Amino acid sequence: MADKKLPHKVKAPVKKAAASPRRQSARLTAKTKFTADEDKNSSAPLQELAGGFMQRLDAISRKLSQLALHKPEEAIEIPASSSKDKSVETKAASSVDSDKTLTARYPIVECKEKEMCRKLFSPLKAVPNRETLQSVLTANPVVKIPIHQHTFSWLQEHVEEDKLKGVFDIVEEVGNICPKLTPRVEAALHVNVPRDVTEGMQQCALDAFLMGVIGTAQEYIAISTKVDRNANELSMTKFMCRPDYLLMFNGQLVFKGEEKKSGDARNIALELTEKMIPGSVGKDGKLEYMIGYATAGSSILFECIYGDEKMSECSQILDIERVADRVTLILILINLNKPKEAIGIPTSGRENKPVEDKAGSSVDSDKTLVRYPVVNSKEEICHKLFSPLGAVPNRETLQSVLAENPAVKIPIHHKFNCLQEHVKKDKLKGVFDIVEEVDNICPKLTPRVEAALHVNAPRDVTEGMQQCALNAFLMGAIGTAQEYASIPVNTNRSAKEPLMTRGMSRLDYLLLFGN
């Protein structure tokens, strides 16, 4: 089957004309700057994320409310696009406003995430040789990843059936769901890949895969792990040469990446060895070899570094705009996170201990949830969720408007009854519906919101890595709005904005409505 590339909206150019009040009111900007001397007790957004579910729920509510506040026509008088009254198409070119029944009835659904993820990331017994490394990295997982029927059916339009059946199970058929892994993988599969944006914004799409797979592995593999971005690493990296992404097991660098906005992935991959201290890998090095990646826009190439300035490709050049390549990328990230015996790093004694998430609830319980009723796909919820306000609120009432419950409730799965341990029940009932009770699921919004609620908020890392957690909320709420708003919605990071921003100043994050 020929693979397909996901279509994209054409981003309208920004005209460098004098800013009118109307155009000014159409721009929402936000700065998220983190400095080393910042007060530890400050109320920075990412410190809120680390605080627990209540702060995460507030963050999602604010992002959704901001979109409602600055929604199109009536509120800020931006002319709606001609697509307003047309059926909105998803990236897979299927209509989102149909009520298609997915399955007659779910079987009993259990949470076996601890058991499955420990098998999924179980260590290799020996280091694969370089000749077979590519086949090992792209091998099917030892246990299949449960995803929902709607996502599986969408994948069938882009990926060979045999490959799908070797990687995924269907939740509705096998009676199992992983409350963290399932939405993270589905959010990555459905990620929006931005075009004509800065390098920082491009990284957001890749982070959906890195955070989804490696972030989950961090919770279940038996050794200490750390991920970071643009961080100093002195054991194997030359002074002042920071990898764009790095993964460490028990303090040992084992995986890194170099990322660029454009160019040739093979040329960019040369930086993987140029930044390394001679003798770090190879026969007499700390590792026999190291795996790294290089990106050029949406293209990504994995390399095996086995000596000073010596590399061999261990993947084809993948394009994360292609759905089939997204599946391959997920497989590679799963298979390179099998550390213990494979790279000879001693374990840290974490095995057989309950793994606690940031919210303090154990993830190793196997609770039977409920019997699922008929579940429909009702994406028109998103059209209502991001429908425009009738008028711009005044500043005195702005805070209450931003904290208001959404116009329609967001469907999440029954497993998220764990939210009741952290959030008042009345607030939960005003924001969420339970998929199993209302017979409805949003195949994109639901996993994105669930992935944000369960995001790992890293600590003691660089600003770039901190942003990855916040990106789960921004990409989840605003990324979804981009597909359903009746006017063009564009986002960017570390970008110039000439109409309202001084000189050469760049905004860490910006959201624009209209052309």
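## Helix α19

The buried residues of α19 are L445, T446, P447, R448, V449, E450, A451, A452 and L453, where buried means under 20% relative accessible area, exposed over 50%, and partly exposed in between, with a 1.4 Å probe and protein chains only. Because nine of the nine residues of helix α19 (residues 445-453) are buried, this helix is largely enclosed by the rest of the structure. Helices (H or I, at least four residues) and strands (E, at least two) are taken as DSSP runs and numbered from the N terminus.

## Basis of the model

The model is predicted, and local features need pLDDT of at least 70, side-chain atom pairs count only at pLDDT 80 or more, while totals for chains, interfaces and linings use all residues. Residues are numbered from 1 along each chain as its sequence is written, and side-chain values use heavy atoms, with hydrogens and water left out.

## The chain overall

The protein chain contains 20 helices and 20 strands, and of its 515 residues 54% count as buried. Its accessible surface comes to about 22,500 Å², of which 49% belongs to carbon and sulfur atoms; accessible areas come from the Shrake-Rupley method with a 1.4 Å probe, and for residues only the protein chains shown count as cover.

Among contacts in the protein chain between residues at least 6 apart in sequence, 72% join residues at least 24 apart, a contact being defined by heavy atoms within 4.5 Å.

In helix α5 (residues 113-120), the buried residues are E113, M116, C117 and L120. Seen down the axis of α5, these buried residues fall within an arc of 95°, so they line one face of the helix; the arc is that of the directions from the helix axis to the C-beta atoms. An α-helix has 3.6 residues a turn, so residues three or four places apart point the same way.

N176 counts as buried, at 8% relative accessibility.

## The packing of α10 with α13

Helix α10 (residues 181-189) and helix α13 (residues 323-335) pack at an angle of about 140°, with their axes 10 Å apart. That angle makes α10 oblique to α13. Here axes are lines fitted to C-alpha atoms, for helices over the stretch in contact, and angles run from 0 to 180 degrees between N-to-C directions; angles under 35 degrees count as roughly parallel, over 145 as roughly antiparallel, 65 to 115 as roughly perpendicular and the rest as oblique.

On the α10 side V185, A188 and L189 take part, meeting R326, V327 and I330 in α13. By class, this contact has five nonpolar, no polar and one charged residues, with Ala, Val, Leu, Ile, Met, Phe, Trp, Tyr, Cys and Pro counted as nonpolar, Asp, Glu, Lys and Arg as charged, and the others, Gly among them, as polar.

L331, in helix α13, is buried, with a relative accessible area of 2%. It touches L137, T138, A139, N140, P141, K163 and V167, not counting residues up to four places away in sequence. L331 and V213 are 118 residues apart in sequence and 9.1 Å apart in space, C-alpha to C-alpha.

A139 lies in the loop between α6 (133-137) and β4 (145-147) and, at 30% relative accessibility, counts as partly exposed. With residues up to four places away in sequence left aside, A139 touches L331 and N335; A139 and I332 are 193 residues apart in sequence and 8.1 Å apart in space, C-alpha to C-alpha. R195, found in the loop between α10 and α11 (199-220), is partly exposed, with a relative accessible area of 42%. The C-alpha atoms of R195 and S298, 103 residues apart along the chain, are separated by 8.8 Å.

## Positive phi angles

Most residues other than glycine have a negative phi. M240, although not a glycine, has a positive phi of about 70°; M240 lies in the loop between β7 (225-228) and β8 (245-249) and is exposed, with a relative accessible area of 59%. S494, also not a glycine, has a positive phi of about 45°. S494 is placed in strand β19 (residues 489-496) and counts as partly exposed at 36% relative accessibility.
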